[in-house]
Amino acid sequence: MSTRPALGHHCSRFPDLAMQTSVRTRRVYAVRAPHSLLLGLLLAGACGEPAADDAAADPASTAGIVIATAADADALVPPLVATTAGKQVVDLLFDHLAEPTSTRVRTDGDAGFAPRLAHRWQWSADSLSIAFELDAAARWHDGRPVTAADVQFSFALYTDPAVGSMHARGFDGIDSVTVRDARTAVAWWHGRHPEQFFQLVYNLAIMPKHLLDTVPRDGLLASAYASAPVGSGRYRFGSWERKQRLVLVADSVNYRGRPRFDRVIWSVAPDPNTATMAVLTGQADVLEVLRGDAVGKVAATPTLKAVEYGSLDYGYLALNHRAKGGRSSLFADRALRLALTQAIDRGAVVQNALDSLGRVALGPFTRADVTVDTTAPGIAFDSAAAGRALDSLGWRRVGGNPVRMKNGRPLRFAILVPASSGTRKKLAVLLQGQLAAAGVGVEIEPVDAGVFASRLQQGDFEAALNVWRNDPSPSGLRQAWGAPKGEDVGANFGRYASAAFDATIDSAIATFEPAARTTLFRRAHALLVADAPAIWLYEPRNLAAVHARLVPVGVRPDAWLAQLGDWRADGTRTASLR
């Protein structure tokens, strides 16, 4: 259990990135094509290597779970993982000091976490340090005990510039991790803030010092350990055939208890359609992302059910507030941004592009955000009001010209889209048609995904269709929409700046009292919605296909497979899970 001083703050609560092609400053977990995994399974001992013919096993067996995916893991060493597919695997291989207890992850303090490697923790009187006492039963998969030195080593690994972890900035503000004794590690901060516990515990996967201490930091990815990692989680590494199959086997002597399934197998298909067919034909038990007509096919398959889980993703039309070449940006004008938002029937756009698999976005936050107010008003579609606003701003229709003009300048801009995204290309066409009706000219500029990410980061675009995955922490809004600091724009690709938003979000981040904190975050949300720094388009609905015998538990938007070891198997076909 945890103990902490009565200082008037509620220390209780920590993130990924899907369906996006942009580079994150803090955390990525992304590039999401339907990623999950699949193939066969056989009864296996927790310590042994998988049998060569286990792929032929019956996937309906309760011995294991086969997950179909179109994306292989990128890495199995936590500081180097940059995709959702990789994170799903390391979440089962490696433990953290504590783990969220709710599907809506709390990030303020420690009340929203349950013990894992640390079976208890103690706050210092000034709240500038937390001492974590490790479970004496915790062992690495090679049998060695997990120690405080491992915790200290893991922090050093994540934050070492030679490792080059994209997650290093997640530990900003933590001065150090020290060893009090063999089973007690102490984390130290140079200043109090509500998310101290979340910051360390959620970000820091603990790794074995005795196996990694001699590996060169800049050669970690090429090491033997990276191909056959040893962790302390309820599943241990089995085998990995790159871009084909990855197998984890149950750790039968794990300090947290044996997981329910003997094996977890990710089977990597050559494309999303093949992955979908694998689950529809019974070759796999799980497909994480359902799209298009696959939803109806799953509903019509008696052995499958759809499971809905929360989303941290939102799609939006990024508007560049800083134009290049000395010409002023169209989008520096708030009144114009509001008029453009009013001119778009976002409900129709989402319906046409995503059908039932999307909702109109509330803003740069989703319905899974712990601080969100789903009843807050947005900017409604009103084509007549949009037309009047554009007229009043001097953007008028001249003669028979379909595009409005002002001082000889046409109201025209280009939308940058990744050529690999069929959904975003479709969205661009729909926006083009709706804005044309309002007298706005839109050109669509498809580019390679890598070029798209680079141009976003450089600000080399007028408008761009992007998808972003938030962290569970509402404070992540500061990274994406806070004013740039020189050339450091974070994820604020449109270079938006608002002193009112910055002051409000900074106050929210620094506030300890939960009700006041929520109020301030909601105020920050309202400011962004009213100021329309971008056009908020959609929030995808996450639907997975799951074998009817499986009962998922602990499904979180940020890590929906993290509790896979506690899933149950029975013969019941249940309704979708929220």
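Tutor: A polar contact is a pair of N or O atoms within 3.5 Å; within protein, one must be able to donate a hydrogen and the other to accept it. Keep that cut-off in hand. The model above is predicted.

Student: What makes the link between the side chains of Asp531 and Arg334 a polar contact?

Tutor: The distance is 3.1 Å. The limit is 3.5 Å. The pair therefore counts as a polar contact.

Student: Where does Asp531 lie, and which residues is Asp531 in contact with, leaving aside its neighbours within four places in sequence?

Tutor: Asp531 belongs to helix α15, residues 514-531. Its contacts beyond those neighbours are Arg334, Arg337, Tyr496 and Ser498.

Student: Is Asp531 buried or exposed, and how do you know?

Tutor: Its relative accessible area is 17%. Buried means under 20%. Asp531 is therefore buried.

Student: How many aromatic pairs does the structure hold?

Tutor: There are 16. One of them joins Tyr316 and Trp536.

Student: Why is the pair of Tyr316 and Trp536 called tilted?

Tutor: The ring centres are 6.2 Å apart, and pairing needs them within 6.5 Å. The planes meet at 45°. Stacked means under 30 degrees and edge-to-face over 60, with the rest tilted. At 45° the pair is therefore tilted. It also links distant parts of the chain: Tyr316 is in strand β14 (residues 313-319) and Trp536 in strand β21 (residues 534-540), 220 residues apart.

Student: How do you know whether Tyr316 and Trp536 are buried or exposed?

Tutor: Tyr316 has 2% relative accessibility. Trp536 has 5%. The cut-off for buried is under 20%, so Tyr316 is buried and so is Trp536.

Student: What kind of pair do the rings of Trp468 and Phe493 form, and why?

Tutor: Their centres are 6.0 Å apart and their planes stand at 70°. Over 60 degrees counts as edge-to-face, so this pair is edge-to-face. Trp468 sits in strand β20, and Phe493 in the loop between α13 (477-481) and α14 (499-510), 25 residues apart. Trp468 is buried at 2% relative accessible area; Phe493 is buried at 2% too.

Student: What makes the charged end of Arg242 count as sitting over the ring of Trp240?

Tutor: It is 3.6 Å from the ring centre. The distance limit is 6 Å, and the charge must also be within 35 degrees of the ring normal. The charged end of Arg192 likewise sits over the ring of Phe512, 4.4 Å from its centre.

Student: Why is strand β18 described as largely enclosed by the rest of the structure?

Tutor: Six of its seven residues, 412-418, are buried, so the description holds.

Student: How do you know that β18 and strand β19 pair?

Tutor: Seven bridges join β18 to β19 (residues 441-447), in the parallel sense. Pairing takes at least two bridges, so these strands pair. Pro418 stands opposite Val447 in β19.

Student: What joins β18 to strand β20?

Tutor: Two bridges, with the strands parallel. Two is enough, because the rule asks for at least two. Leu416 has Ala464 in β20 as its bridge partner.

Student: Why are β9 and β13 called edge strands?

Tutor: The open sheet of seven strands runs β9-β10-β11-β2-β12-β22-β13, with mixed pairing. Both β9 (235-241) and β13 (304-309) pair on one side only. Within that sheet, β12 and β22 run antiparallel, joined by two bridges. Val286 has Val546 of β22 as its bridge partner.

Key
Residues numbered from 1 in each chain as written. Predicted model: local features only at pLDDT ≥ 70, side-chain atom pairs only at ≥ 80, totals over all residues. Heavy atoms only, no water. Helix = DSSP H or I, 4+ residues; strand = E, 2+ residues; numbered from the N terminus. Buried < 20%, exposed > 50% of the residue type's maximum accessible area, 1.4 Å probe, protein only. Contact = heavy atoms within 4.5 Å.
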